[in-house]
Amino acid sequence: MKVVAFKRELQGSGASRRLRNSGQTPGIVYGGTEPAITISLDHNALYHALKKEAFHSSILDLEIDGVSQQVLLRDFQVHAFKQLVLHADFQRVDQNKKMHTKVALHFVNAEVSPAVKLHGATISHVANEIDVSCLPKDLPEFITVDLANIDVGHSLHVGDLVLPAGVTAVTHGANLTIATASVPAGHVSAEAAAADEKK
């Protein structure tokens with residue numbers, strides 16, 4: 001994905017306010033061997049890009065005054081109640097160094113799992129993203145979590161995930177829970193209802 005930005009000379013809250021009033025968003029690019037530089041971006045383009053999941057977990061081609069470099073979105077601030085992006089931080093990417101970032105989880109096949117099909121259970125997503133380490137070329141847009149085999153009372157953990165080649169989960173020694181299946185209070189499974197009728 002491509003992002004166009006411009007070098008920003010003036011700094012400080014007054015300069016940032018004037019920038020925002022003119023439809024621009026202040027930002028910064030840091031990391032690598034080069035010094036950090038302050039930039040400005042088109043607010044509307046950035047606002048709509050932030051709505052795309054891929055923008056948060058993909059290597060971006062950031063073009064600054066015609067020169068392109070690869071970066072990762074590291075942080076952004078939005079206004080408390082206005083549809084306004086206040087600031088964006090980008091980190092330069094080195095293709096030869098492993099990076100540490102968060103990747104979104106996509107849950108599939110819940111409706112065919114024993115927990116849902118047989119017991120009417122609810123599957124709760126405990127986490128919607130995980131920390132991973134990988135080279136930039138191996139960074140996935142998202143990681144698929146297959147719920148087809150989950151049953152009532154069971155949980156899926158990070159260790160159960162099938163990660164793409166070259167990608168490792170960063171868990172600091174804990175096998176974190178990703179999803180759990182439980183029957184809502186007061187809900188009777190089809191099997192239990194049938195057994196009661198036979199009594």
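Residues are numbered from 1 along each chain as its sequence is written, and side-chain values rest on heavy atoms, with hydrogens and water left out. Because the model is predicted, local features need pLDDT of at least 70 and side-chain atom pairs count only at pLDDT 80 or more, whereas totals for chains, interfaces and linings use all residues.

Nonpolar cores were defined as sets of buried Ala, Val, Leu, Ile, Met, Phe, Trp, Tyr and Cys residues joined through side-chain atoms within 4.5 Å. A residue is termed buried under 20% relative accessible area, exposed over 50%, and partly exposed in between (1.4 Å probe, protein chains only). The largest nonpolar core holds 26 residues, of which L105, I130, V145, L147 and I178 touch the most other members. Two or more residues of this core come from each of β7 (99–108), β9 (129–134), β10 (142–146) and β13 (177–182); β7 gives the most, with four residues. Strands (E, at least two residues) and helices (H or I, at least four) are DSSP runs, numbered from the N terminus. A second, separate core comprises 19 residues, including V3, V29, V71 and L73. In soluble globular proteins, nonpolar side chains tend to be buried together.

Contacts, meaning heavy atoms within 4.5 Å, are given without residues up to four places away in sequence. For V145, these contacts are L105, H106, F107, V108, L156, L161 and I178.

Strand β13 contains A179 and A181. A179 is counted as buried because its relative accessible area is 0%. Its contacts are F107, I123, S124, V126, L147, I150, H154, S155 and L156. The residues in contact with A181 are A115, T122, I123, I150, D151, V152, G153 and H154. The C-alpha atoms of A181 and I123 are separated by 4.4 Å, although the two residues are 58 places apart along the chain.

T101 is located in strand β7. With a relative accessible area of 7%, T101 is therefore buried. Its contacts are L72, R74, I130, D131, V132 and L139.

D89 lies in strand β6 (residues 85–92). This residue is buried yet has no salt bridge, and the nearest side chain of opposite charge, R8, is 8.1 Å away. In this assignment Lys and Arg count as positive and Asp and Glu as negative, while His and the chain ends are not counted. The contacts of D89 are I28, Y30, L72, L73, R74 and D75.

The largest pocket has a volume of about 370 Å³. Among the 16 residues that line this pocket, G31, G32, R92, V93 and D94 are the closest to its centre. Both β5 (67–78) and β6 give two or more residues to the lining, and β5 gives the most, with four residues. Pockets were identified on a 1 Å grid over the protein atoms alone: a pocket is an open set of points with protein on both sides within 12 Å along at least five of seven lines, whereas a cavity is a set of points where a 1.4 Å probe fits but cannot get out; lining residues have an atom within 4 Å of a point. Grid points are joined across faces, edges and corners, and the volume is the space filled by probe spheres set on the points.

A salt bridge requires a side-chain nitrogen of Lys or Arg within 4 Å of a carboxyl oxygen of Asp or Glu. K2 and E63 pair at an N to O distance of 2.8 Å. This pair links distant parts of the chain, with K2 in strand β1 (residues 2–7) and E63 in strand β4 (residues 60–64), 61 residues apart. K2 is classed as exposed because its relative accessibility is 58%.

K102 forms a salt bridge with D131, in which the closest N and O atoms are 3.2 Å apart. Because K102 lies in strand β7 and D131 in strand β9, the pair ties together parts that are 29 residues apart in sequence. K102 is partly exposed, with a relative accessible area of 42%, and D131 is also partly exposed, at 22% relative accessibility. K137 forms a salt bridge with D138, with the closest N and O atoms 3.2 Å apart. At 62% relative accessibility, K137 is counted as exposed.
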